[in-house]
Amino acid sequence: MLSFENVGLRYGVGPETLRDVSFSVAPRSFQFLTGPSGAGKTSLMRLIIMALKPTRGLISVFGRDTATLAKDEITEMRRQIGVVFQDFRLLDHLTVYENVALPLRVLGREEASYRAEVSELLKWVGLGERRHCAPSVLSGGEKQRASIARALISQPRLLLADEPTGNVDPTLARRILRLFVELHKSGTAVIIATHDLSLMDQYEEARRLVLADGRLHIFE
Ligand SMILES: Nc1ncnc2c1ncn2[C@@H]1O[C@H](COP(=O)(O)OP(=O)(O)OP(=O)(O)O)[C@@H](O)[C@H]1O
């Protein structure tokens, strides 16, 4: 589903942020991506969603070499990847409900077919009462939960989440982890970047991908 072969990434003329990174992610698998601040977790995720190009090496997503993809093919592939960004990236001119429903609209689904689904997920993440609000009036934790709901709603083939529990309390973090685990059990490959050791300890079956000094170490 996803593989990196000897991938290197350098920003400008600085040192290599990622060096000889090789790994693969199987369909329906679950992994945490961890490592110290600045180790390159966000950069690695940006490579996966093709927002960045590697300086060297090969990246393939859903069996396609990303270097050979045309723009419209990249757009099509991104529709199959759910992403929880560190800075949420909610659209301010849409309500919370509309933000969460957006991936389904983009897939061409009729509102009547997803209204109940979106409402249920909003309730699960504790945003049932906030569904008609603009994202600008939400707290950091609420924005984070809205962005998680938006990434999950279309049951993507691959889900990437960058510090998805960074703004919520431990109880809510456990609830959010349960959502990711359920999604994984229903067939999505999940990669969660996190510093939160207690979160990782709650799901010991997960692989751990650890970035340190530009290199990736894998613990099965
Ligand atoms: N656009 C950029 N231009 C130049 N350097 C960058 C850019 N983005 C990231 N970097 C550098 O690349 C390195 C890795 O950053 P990255 O954000 O990927 O790390 P991270 O592991 O996600 O960190 P954190 O846990 O703090 O979010 C850092 O040294 C950072 O300064």
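Buried means under 20% relative accessible area, exposed over 50% and partly exposed in between, with a 1.4 Å probe and protein chains only. The views below show a predicted model, in which local features need pLDDT of at least 70 and side-chain atom pairs count only at pLDDT 80 or more, while totals for chains, interfaces and linings use all residues. Residues are numbered from 1 along each chain as its sequence is written, and side-chain values use heavy atoms, with hydrogens and water left out. Helices (H or I, at least four residues) and strands (E, at least two) are DSSP runs, numbered from the N terminus.

**View 1**
Helix α6 covers residues 170-185. The expected span of a helix is 1.5 Å times one less than its number of residues. For the 16 residues of α6 this gives 22 Å, and the end C-alpha atoms are 22 Å apart, which agrees. The buried residues of α6 include L172, A173, I176, L177, L179, F180, V181, L183 and H184. They are covered by elements including the strands β3 (30-34), β7 (158-162) and β8 (189-193) and the helices α4 (111-124), α5 (140-152) and α7 (197-201).

**View 1. The two ends of α6.**
At the start of α6, a side-chain oxygen of D169 lies within 3.1 Å of the backbone nitrogen of T171. A polar contact is a pair of N or O atoms within 3.5 Å; within protein, one must be able to donate a hydrogen and the other to accept it, and residues adjacent in sequence count only if both atoms are side-chain atoms. After α6 comes G187, with a positive phi near 120°.

**View 2. Crossing of α3 and α4.**
Axes are lines fitted to C-alpha atoms, for helices over the stretch in contact, and angles run from 0 to 180 degrees between N-to-C directions. The axes of α3 (residues 96-106) and α4 come within 10 Å and cross at roughly 130°. Angles under 35 degrees count as roughly parallel, over 145 as roughly antiparallel, 65 to 115 as roughly perpendicular and the rest as oblique. The two helices α3 and α4 are therefore oblique to each other. Their crossing is right-handed; a crossing is left-handed if the near helix is turned anticlockwise from the far one by less than a right angle, and right-handed if clockwise. Contact means heavy atoms within 4.5 Å. On the α3 side the contact is made by V96, Y97, V100, A101, L104 and R105, and on the α4 side by E111, Y114, R115, E117, V118, S119 and L122.

R115 is in helix α4 and is partly exposed, at a relative accessible area of 40%. Between R115 and Y97 there are 9.1 Å in space, C-alpha to C-alpha, and 18 residues in sequence. E117 also belongs to helix α4 and counts as partly exposed at 34% relative accessibility. Not counting residues up to four places away in sequence, E117 touches L104, R109 and I153. R215 is 98 residues from E117 in sequence and 41 Å from E117 in space, C-alpha to C-alpha.

The axes of α3 and α5 come within 7 Å and cross at roughly 30°, which makes α3 roughly parallel to α5. This crossing of α3 and α5 is right-handed. V96, N99, V100 and P103 of α3 meet A146, A149 and R150 of α5. V100, in helix α3, counts as buried at 0% relative accessibility. Residues up to four places away in sequence aside, V100 touches V118, L122, A146, A149, R150 and I153.

**View 3. Q31 in strand β3.**
Q31 is in strand β3 and counts as buried, at 0% relative accessibility. The side chains of Q31 and R207 make a polar contact at 2.7 Å. Leaving aside neighbours within four places in sequence, Q31 is in contact with V25, V190, I191, I192, R207 and L209.

D20 is not a glycine, yet its phi is positive, about 45°. D20 is in strand β2 (residues 16-25) and counts as partly exposed at 35% relative accessibility. M50, likewise not a glycine, has a positive phi of about 65°. M50 lies in the loop between α1 (41-48) and β4 (56-61) and is buried, with a relative accessible area of 11%.
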